[in-house]
Amino acid sequence: MSEQIVAPDLVAFWQRQLDALPEPPDLPFPPVPETAAAGEPTASGGTAADGGTAGVTLPGGSSEVLADALAGVFGLLHRWTGGGDLVAETPAGATAPGRWLPVRVRVPENPTWTELRNLVRTALREARAHESGLPATVPAHRPVVSVGLGALPPGPRGVLRLLVDNSGSPTVTLTHPNAALIGATLTVLLAGVGERPEARLSDLPLLDPVTERRVVAEWNATDTAYPRDRSVPDLFTDWARETPDAPALRSGDEVLSYREVDRRANRLAGHLRRLGIGREALVGLCLTDTAGWVIAALATLKVGAAYLPLDPGYPPQRLALMCRDAAPGAILHTAALADRLPDDGTPRIVLDRLPAAADPAGPPEVSIHPDQLAYVMYTSGSTGRPKGTGVSHRNIVRLVRDTNFVDVRPDDVMGQAATMSFDAATLEVWGALLNGACLADLDINDVIVPDRLRERLRATGVTMMFLATSVSRQLATEAPDALAGLRYLTFGGEQADRVAVSRLRAACPDTTLVNGYGPTEGTTYTTTYDCALLTADDQVVPIGGPVANTRVYVLDRFLQPVPPGVLGELFIGGDGVARGYLGRPETTADRFVPDPFGPRGGGRLYRTGDLVRQRVDGLIEFVGRLDHQVKIRGYRVEPGEVTEVLRGSGLLRDAIVRADRDGAGDARLVAYVVPADGVRVEAVRERARELLPDHLVPAVFVALPRLPLNRNGKVDTNALPAPDALVVPDDLPAPDVPPAPEAARADDEDAGPRAGTERTVAEIWREVLGVPVRRRDDDFFDLGGRSLKATRVRSRLSAAIGAEVPLRLIFDHPTVAALAAAADEITGVREAAVQPSGPADALPPDAAPPADLAGLLDQYEHGSAR
């Protein structure tokens, strides 16, 4: 047989076509559940496996039906995914029988339909014209579409399969698990291009008029007659006049009436006025007790200023950074917290040193517009600099008055457990005080132990409260009935767990469980879901629908609505949208965009960066992020901010921080660091604790001699070692710094946990932390332990030794050996000593204020001698 000779032009063509073939773009659908059988309906609206098919009638009059069908699908993919380099396959002709012919189309950004159709037609023609030169071996790849006329031969590999029938009216049959949804959308797109062939893809509709009206208007018909033109102080004053003797604040044994809270706030407001604090000025609040904080916040709002929460639990360097960025006109604090604040000349008001009755108790004569700034709350920023989000009075009132997710009554008692730097506090504080209810401070020593929490809720009469999702998940596991006396339990901050929700529903049948979602820029809650609606068919717990006076839209990258079932970015509109970022006009303009859908002109949408799916019933499911942002214990965290702080610490040559989940399934940060000469990982960890709030401190630090790079010179995150291995990869040279002690001494058998309680402690740590525990001097916190995990250890160790373990024991004895020895002492003392700990465990009065259970114990960590 003579050797085949291929013309040079054929060789050159296929070299261009097959060079660096792209992977198919990710289609905008959640994964098909593994339990779905072929042909069964899925949550996305299609069917599983190859059973999902749909027919689409193509516009008549085309001379190249196959090319136009492929162009329609490519146009849809470009709209949904931004894919600009798409590869299809079609059966080859007689010159290459039995083979599949690659068809590659490089799509420019947002072409017109005519441009795209011509590109696809040209690509098909050229592929067929050069098919005789198709190389015997084609680089491994997976096409996004397999397309053919009449019938597809065996072996199609496309993610989507198109079978074009041109025997009568041209039709195409799609095969894909979501074929019905794709087919319906393709039908709308092709109808639009028939009317406007010169329109750009971004301008063509993907929804029929009925569906568009439903997703844009009907599902967002949430307006209520709430007092949108009133301010927070005005509404509080209404209750102070109507029910002056009703309890407003309960802290321990102290109860303050609405009249007394109003009187104290007016007095402090007068002091602020004499300092020149007025409209839109910022006032920093660094206080520990709930009553003092609420009175200070109310006084600030009464003079037209806005409050800036300064969490006493934050490192002083973090507080200094926030104050430099926000430039408050004054800071209110107690004497014991003075040293935590920057000495930058900002006027200070030391609340516990103000002379008694020095100022009049009458309200300040200040007019407050509902769009005025009410508070600024800082969240993590990707550039290494936290962002201050400005929230208005109307934003707050929209959240708590005449809403649809919770019914706060004057006889309710709202539990106050969130730190004031966490925006859940907005719901707790103003949800109670703008509805005539009572706000009850939940003491840290009660909240951290389920039995105490149960008793505390009963003793204070708490009827509703908020918990971070991670905390509610733990309570659902250990003591779900502790919350059974509540009318409402709202939780949020991360994806809810179906099993945990089911346990809470079973244990708390009379409690309304509300799963909430919302960024700080949307003022705490944007969407909510009544968990009573959860069924066995729900794969995830939805984040629900928009709360009252809020609108939500699931949009594509061209800011056009996507069909129900298709993944898109969640955008927030309505009266909860914050004003923007303090002192950052460019970032504000990027994230807060004009609202083309709202009923009122001049509105804005906040683009969340959250990837969601809206179901056919209008409820929304959270899927993930479009960037690297994560939620740690309910707090929004940008790993990039932590990376920049570590790089600027002066202790490292380089660093990168990533988010993952530990063996217990909890989100955490992992820092990969290249220490400078002579610097140990322990020093880096301590420096991070000095610079960052606890939720931003990485749980695990992995020392490397250098960060692996890809061929483009960027950090190759796929080449980073598994954090729990705590070893340097074999292909990297030995580090020129001392290795992390966990790795360096892992093979020292003599240092391993000893039989008995030490091994029990080590096993509990391994289960809770999800990492190996190799040594008896391993430190709980150096292995990634945090406050919420400490409560899990306490519970399991108490059960293991048959005696109550005070939580403080873990912080005071953080190594395996020390905690085991302390536990052994408990089992050897008289029974009275093993009862739940009392005043000995109490925090000093000027410790950090209580937060949710996921962060309540940060002050223990900061204060423990380690």
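Axes here are lines fitted to C-alpha atoms, for helices over the stretch in contact, and angles run from 0 to 180 degrees between N-to-C directions. With that convention in hand, helix α20 (residues 757-769) and helix α23 (residues 816-828) of this predicted model pack at an angle of about 120°, their axes lying 8 Å apart. Angles of 65 to 115 degrees count as roughly perpendicular and those over 145 as roughly antiparallel, and α20 and α23 are therefore oblique to each other. The crossing in which α20 passes α23 is right-handed. On the α20 side, the contact is made by Thr757, Glu758, Val761, Ala762 and Trp765, and α23 contributes Val816, Ala817, Leu819, Ala820, Ala823 and Asp824. Sorted by class, the contact of α20 with α23 comprises eight nonpolar, one polar and two charged residues.

The chain holds 24 helices and 32 strands. Of its 866 residues, 59% are buried. Among the contacts in the chain with a separation of 6 or more, 67% are between residues 24 or more positions apart.

Another helix worth a visit is α8, which spans residues 290-302. This helix has 13 residues and reaches 18 Å from its first C-alpha to its last, close to the 18 Å expected at 1.5 Å a residue. Most of α8 is covered, with twelve of its 13 residues buried. The buried set begins with Thr290, Ala291, Trp293, Val294, Ile295 and Ala296, and it also takes in Ala297, Leu298, Ala299, Thr300, Leu301 and Lys302. Just after α8 comes Gly304, with a positive phi of about 85°.

Two helix partners of α8 can be described. The pairing with helix α7 (residues 258-274) has an angle of about 55°, and the axes of α7 and α8 are 8 Å apart. Roughly parallel would require an angle under 35 degrees, and roughly perpendicular one of 65 to 115; α7 and α8 are therefore oblique to each other. Their crossing is right-handed. From α7, the contact draws on Val261, Asp262, Arg264, Ala265, Asn266, Leu268, Ala269 and Leu272, which meet Ile295, Ala296, Leu298, Ala299, Thr300 and Lys302 of α8. The residues of this contact of α7 with α8 comprise nine nonpolar, two polar and three charged.

Helix α6 (residues 232-242) is the other partner, packing with α8 at an angle of about 115° with the two axes 9 Å apart. In this case α6 passes α8 in a left-handed crossing. Val232, Pro233, Phe236 and Thr237 of α6 form the contact with Leu298, Leu301 and Lys302 of α8. That contact of α6 with α8 divides into five nonpolar residues, one polar and one charged.

Most residues other than glycine have a negative phi. Thr524 has a positive phi of about 70° although it is not a glycine. This threonine is found in the loop between β19 (512-517) and β20. Buried means under 20% relative accessible area, and Thr524, at 4%, is therefore buried. Leu559 is also not a glycine, yet it has a positive phi of about 60°. The position of Leu559 is in the loop between β22 (550-555) and β23 (567-574). With a relative accessible area of 27%, Leu559 is partly exposed.

Leu534 lies in the loop between β20 (527-530) and β21 (545-546). The relative accessible area of Leu534 is 9%, so this residue is buried. Leaving aside residues up to four places away in sequence, Leu534 touches Val501, Arg505, Tyr529, Val540, Val541 and Pro542. Val501 is 33 residues from Leu534 along the chain, and their C-alpha atoms are separated by 8.9 Å.

Finally, Ala703 belongs to strand β32 (residues 700-703). Ala703 has a relative accessible area of 11% and is buried. Between the C-alpha atoms of Ala703 and Pro723, which are 20 residues apart along the chain, the separation is 10.0 Å.

Key. Residues are numbered from 1 along each chain as its sequence is written. This is a predicted model: local features need pLDDT of at least 70, side-chain atom pairs count only at pLDDT 80 or more; totals for chains, interfaces and linings use all residues. Side-chain values use heavy atoms; hydrogens and water are left out. Helices (H or I, at least four residues) and strands (E, at least two) are DSSP runs, numbered from the N terminus. The expected span of a helix is 1.5 Å times one less than its number of residues. Buried means under 20% relative accessible area, exposed over 50%, partly exposed in between (1.4 Å probe, protein chains only). A crossing is left-handed if the near helix is turned anticlockwise from the far one by less than a right angle, and right-handed if clockwise. Contact means heavy atoms within 4.5 Å. Ala, Val, Leu, Ile, Met, Phe, Trp, Tyr, Cys and Pro count as nonpolar, Asp, Glu, Lys and Arg as charged, and the others, Gly among them, as polar.
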